Amino acid sequence: MEINKKISELLYVIKKKNPLVHHITNYVTANDCANITLALGASPVMADDINEVNDIVSLASSLVINMGTLNSSRAEAMIVAGKRANKLNIPVILDPVGAGASTYRTEAAKRIISEIKLAVLRGNLSEIRTLYGINTQTRGVDSSENVLLKREELIKEKQMAKDFANKLKAVIVITGAVDIITDGKTLYYVMNGHEIMSKVTGTGCMCSSLIGSYLGASQNYLIAALAGVVSMGIAGESAYELLDKKQEGTGSLKVRIIDAIYNLSEDVILKRCKVCED
Amino acid sequence: MEINKKISELLYVIKKKNPLVHHITNYVTANDCANITLALGASPVMADDINEVNDIVSLASSLVINMGTLNSSRAEAMIVAGKRANKLNIPVILDPVGAGASTYRTEAAKRIISEIKLAVLRGNLSEIRTLYGINTQTRGVDSSENVLLKREELIKEKQMAKDFANKLKAVIVITGAVDIITDGKTLYYVMNGHEIMSKVTGTGCMCSSLIGSYLGASQNYLIAALAGVVSMGIAGESAYELLDKKQEGTGSLKVRIIDAIYNLSEDVILKRCKVCED
Amino acid sequence: MEINKKISELLYVIKKKNPLVHHITNYVTANDCANITLALGASPVMADDINEVNDIVSLASSLVINMGTLNSSRAEAMIVAGKRANKLNIPVILDPVGAGASTYRTEAAKRIISEIKLAVLRGNLSEIRTLYGINTQTRGVDSSENVLLKREELIKEKQMAKDFANKLKAVIVITGAVDIITDGKTLYYVMNGHEIMSKVTGTGCMCSSLIGSYLGASQNYLIAALAGVVSMGIAGESAYELLDKKQEGTGSLKVRIIDAIYNLSEDVILKRCKVCED
């Protein structure tokens, strides 16, 4: 089956199955993450207290761990919930927001990676490089830097992604101008999206929530990750196309991204999906 | 006086009195709750630290306790603020978000109910059933499950709501496809609203904030609760009517719900209000 | 050079320099603050844990301390980050949200002012009066009260602002119907904005984030503060002009405010800027 057909079928499954997606996430983008999860056809539940994450994750079809606005009590809850998810075979995605920007976040992300079996790790280039062990220069949590334009750069990133995926036995997703998704064997590039998305906070977080939603509807983590990245990219580019450029900007763009996910159909995916296998 | 007249008059009072509504709430929907409170004509103040809730609630006309993203320090602040509110005769509404989804939340909600005198308790069907003591199956915090379609089911829920209201000496509100509002004697059904509202996170929280706002402007808790439910329902249905279905979805819907509350007038209430007494 | 020219040039600088703006802020408006910072052309990083604020602020060009939804661990992080910022000559803006509404917040704000050297202090009238030491009546965090209409009142506030600026050796910003910006010597009034902005939560917080962004691009704190206030005012008034008053309200207004900042140009500033020097 062609890859865009597989992705579009997964959208059908998610809308039918309506998976519950447990989020342990940050307070900056939690609302958008919840709304985009609902818009896609899944159900979010946000819970980060150590006293309840075991109960909550046990009800869920997948777990999204997002490290934005990390603090020590939330970090503990991530470990507890992740371990329970592993025990129950519930897939876990980690979004290591800001890894590299502080020692604290880098160490917390490394601890999660070492103690929790991940289904997917999604970050921007500097976050993934940091966790892979390459000394990198980061400015915080934005994705503006990870533009992959030069061919030789792209080849290096591809190798790192594959190697990291094999080490972790997880799907690695690097989002940027061109997105990379790999399980260590197969590698996909996604060319959907628009650069204006980096001017809206939380487009990375929302992408992770979409992947988390698809993970709750599929055993194939590679396709689930790909479906999340493609869905987010299509939403961003079609939201941008609809903008009235004279008077609208990133405020309207965010609203239209949620709208686009709500209106995402199998047909839209088949028509717009820009994936190529390496 | 007819009931829709009473509700519309309360809107007039709220805009004139501009009550201060203290919220102890979750970080997922706090922004929407603050904005819908302002849009209605009240003033929100969000404060959840145990060191200041006594001061803040003493300035307020009502207190909204919302259990989303609960943690232990916020739970303590809820108890402290609730007791102070009781002492000062400031009405309290509890939104037991996610009760039933974890033992922690269920126990926390039960503790609040036993230690604080509530004016209103508002939840979806599974949350209210959980607190009433019926073993229920919940998937978290969404309201998609509480569809009351079968006549015999509706009769059961009605009895439970009345009985619970009498036990707590509080107004019970169950929101869903049909909303139930009762003080144990009188019972109202509200048919306003649209099912798409369950695809936006926080419509339940926002409903509680609207009720909290009306509570700050009226001694009649039953009418205040009814006014909140009717206002939210009208906002949801008129927001949906204005949606450009080809390209807009739940992102725009949320924006339009706030807009609709901002534009809510006594005339709109008189025209759209769909309440019937049991 | 004329003042509106100076402001418009600073917009050019910010878009070119893309300063990183560290926020320690509240969970109610954090999303809007991040998005408006991005829309202006700066990069926000939200981090409030004591274990990482030293690392984060060291990467930043400016620090925004916002006291909304304050708690004790965030209060400690504010002190730590502020001191580090002082050591590194990174400008700090304090937004004392709710000072006066509780002893806790008032004391926390006073502590920050006494231990941290501020570049800018921005609040509404009751917050600034509280911190200056005038006993004031506040209702929480909204700005509806600080309408400066009477001439004699305005003269008093002007004197207080100048005196406070000289005491703190910082720029004082009082936002309201007419905004006051002073470094103790020069004093500007800004007449941009629209009263409907007080019906959207976080317009004050967003103003502080804009000032914080300009602070990251300029050594002239007075002009940076002025640029933030003018930008916010222009965004509010042009967002209001674009509203379809029949069906849109404060939900759409917030979206359009972000849009307006995204579309803010040097020409728009030159044309709309309403500043006069005292």
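Helices (H or I, at least four residues) and strands (E, at least two) are DSSP runs, numbered from the N terminus. I note that this is a predicted model, in which local features need pLDDT of at least 70, side-chain atom pairs count only at pLDDT 80 or more, and totals for chains, interfaces and linings use all residues. Residues are numbered from 1 along each chain as its sequence is written, while chains are lettered from A and ligands numbered from 1 in the order in which they are written.

**Helix α2 of chain B.** I looked up how covered this helix, residues 30–40, is, and found 11 of its 11 residues buried (20 or more other C-beta atoms within 10 Å of a residue's own, with C-beta atoms placed from the backbone). Among them are C33(B), I36(B) and L40(B). After α2(B) comes G41(B), whose phi is positive, near 120°.

**Contact of chains C and A.** I counted 28 residues from chain C and 27 residues from chain A in this contact, where two residues are in contact if their C-beta atoms, placed from the backbone, lie within 7 Å. On the chain C side, α2 (30–40), β2 (43–46), α3 (53–59) and α10 (250–262) each supply at least two residues.

Notes: A residue is buried if 20 or more other C-beta atoms lie within 10 Å of its own, exposed if 12 or fewer, and partly exposed in between; C-beta atoms are placed from the backbone.
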